[in-house]
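Thanks, everyone. Please have the viewer open while I talk.

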Amino acid sequence: MSLRWRLIGGIALLLSALWAATAVWFFFDVRRELREVLDARLASSASMVQGLISRGDLRLPLSAAAEPISAAASQPVSLPTELACQLWTLEGRLITAARNAPTLSASEILDGFSNRLVAGEPWRVYALTDRDSGVRIITAERQNLRMALIGDVAMAVSAPFLIVLPATILLVWVAVRRGLVPLERLRRSIVSRNAGTLDPIGEHGVPAEVLPLVSALNGLFARLSEAFERERRFTGDAAHELRTPLTGIKTQLQIAQSADGAIRERALRQAEAGVDRMSRLVSQMLLLARLETEPGELSEPESCEAGDELQAVLQTLRPLAAKREVQLLPQNEIVAVTVRVPASMLHAALRNLLENSIKHTPPGRQITISTELTPTHLQLRIVDEGPGIPPEALARVTQRFYRVAVADAGTGLGLSIVAAVAHRYNMRLHLENRAGQAGLISGLDIPWHSRAPQP
């Protein structure tokens, strides 16, 4: 069911229930008041006759020998057939009665109001005893009169309900339809978009109830636009950066096919090195693309033990350092502390940071690694003895595929990955040249969660 018909049906149901409840309450209230008014009329009629007798305006034969007053003599004009009035002596003798009315037995009727069945018809009866004049006055009314009046009241209550409710529902339908015009306009705006249109939806004139939905859609469009841009950038970077190593590998393989001996062996080694470089490049590009995804898309725990990850990175890179004749020297004992960074992300950042120092440190030199714990961060510092980074390039070395030297054999993604991990997990990347001597001081300030238990 559409929202429009849900609203119309709900409002119509509520209005019907409200009208029905009001009509029922009004009907019962009017019926009660009508009964009270009609009972008061019976009582006032009896009281009026009592007053006439008390003032002597109406003389009645009260002795047992007297004949009853004929209806023609005592009541020249008959009452409606629904009404009756009778006068009785205290001894139970009928004195007079209105014509066209059944005779009520005074001996069976108590003073006050009562309901009686006379000649198969229900009557409402009121009896009043006047002991000063020795008369019992009985007034009565057929119940069918009351039922007819109550029926008229019910009809008067129901008629507006039956007439006005359809008109109200029609007006509700018109109002709901006009009220949902902004939703229809929004629907048409979204339907008219093509697959590549991710511009935000205009929020001007949007109702307050729909504004959160429009804001959520705009946020979704923005995220989709960023995701598509990342995919385009990744595709462009991959096409650009993989073209050179693939060309080099192809060239070396062609040389190996056409040569033999030492030339063939050298070409195969260079082709293998090209494959390794390309594999490293692809891995780093995939990692960088993963870092640019939404935070909720990573399923691994958001914390790890920093000391373990640093030890693992040192263990992994010692063969590379030995190959390049570079010595890795931890300056102090690595602090055991839990940090708010996934293990794979911290490992990638530390590895790229340390690997960058190893590749730019001349043979025979050393790299020192130190850690220090502050109240909020674990400070890791790596000090190498390489050429450092030109001051004008410090602000650009974290850009993708930026290389300080043209002959740099790196992928140009190492520091970009470190910067991306640092930005995502609230770390601070530290890069500065050593004062007064060659070398670079690089490092990370990592927010820590708790100390790891000591063994």
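First, a caution. This is a predicted model.

Now the overall numbers. The chain has 455 residues, and 37% of them count as buried. There are nine helices and twelve strands. The accessible surface is about 26400 Å². Carbon and sulfur atoms hold 59% of that surface. Next, contacts. Take those in the chain with a separation of 6 or more: 67% of them join residues 24 or more positions apart.

On to the sheet. What is the strand order in the open sheet of five strands? Reading across, we get S2-S1-S5-S4-S3. The pairing is antiparallel. Strand S2, residues 94-97, sits at an edge, and so does strand S3, residues 112-118. Each of these two pairs on one side only. From one strand to the next, the twist averages 25°.

Look at the S2 end. Strand S1 covers residues 83-89 and pairs with S2 in the antiparallel sense. Three bridges make up that pairing. Here Trp88 stands opposite Leu94, and Leu94 is in S2.

Now the helices on this sheet. Which strands does helix H1 lie across? H1 spans residues 3-55 and lies across S1, S3, S4 and S5. Strand S4 is 121-130, and strand S5 is 135-142. Against S5, H1 runs at about 150°. Helix H3, residues 143-179, also packs on the sheet. H3 touches S3, S4 and S5. The direction of H3 makes about 40° with that of S5.

Aromatic rings next. How many aromatic pairs does the structure hold? Two. One is Phe27 with Phe28. Their ring centres are 5.5 Å apart, with 75° between the planes. That pair is edge-to-face, because planes over 60 degrees apart count that way. Phe28 counts as partly exposed, at 43% relative accessibility.

The other pair is Phe113 and Tyr126. The centres of these rings lie 4.7 Å apart and the planes meet at 45°, so this pair is tilted. What does the pair tie together? Phe113 lies in strand S3 and Tyr126 in strand S4, so parts 13 residues apart in sequence are tied together.

Phe113 counts as partly exposed, at 36% relative accessibility.

Last stop, backbone angles. Most residues other than glycine have a negative phi. Two residues here deserve a look.

Take Glu325. This residue is not a glycine, yet its phi is positive, about 60°. Where is Glu325? In the loop between helix H7, residues 306-323, and strand S7, residues 327-330. Glu325 counts as exposed, at 54% relative accessibility.

Then Asn426. Its phi is also positive, about 60°, and again this is not a glycine. Asn426 is in the loop between helix H9, residues 414-424, and strand S11, residues 428-433. Its relative accessibility is 61%, over the 50% cut-off, so Asn426 counts as exposed.

To recap: each of these two residues sits in a loop between a helix and a strand. And please remember that the model is predicted. Over to you for questions.

Definitions and conventions: Residues are numbered from 1 along each chain as its sequence is written. This is a predicted model: local features need pLDDT of at least 70, side-chain atom pairs count only at pLDDT 80 or more; totals for chains, interfaces and linings use all residues. Side-chain values use heavy atoms; hydrogens and water are left out. Two strands pair if DSSP finds at least two bridges between them. Helices (H or I, at least four residues) and strands (E, at least two) are DSSP runs, numbered from the N terminus. Axes are lines fitted to C-alpha atoms, for helices over the stretch in contact, and angles run from 0 to 180 degrees between N-to-C directions. Contact means heavy atoms within 4.5 Å. Buried means under 20% relative accessible area, exposed over 50%, partly exposed in between (1.4 Å probe, protein chains only). Accessible areas come from the Shrake-Rupley method with a 1.4 Å probe; for residues, only the protein chains shown count as cover. Rings of Phe, Tyr and Trp (its six-membered ring) pair if their centres lie within 6.5 Å; planes under 30 degrees apart count as stacked, over 60 as edge-to-face and the rest as tilted.
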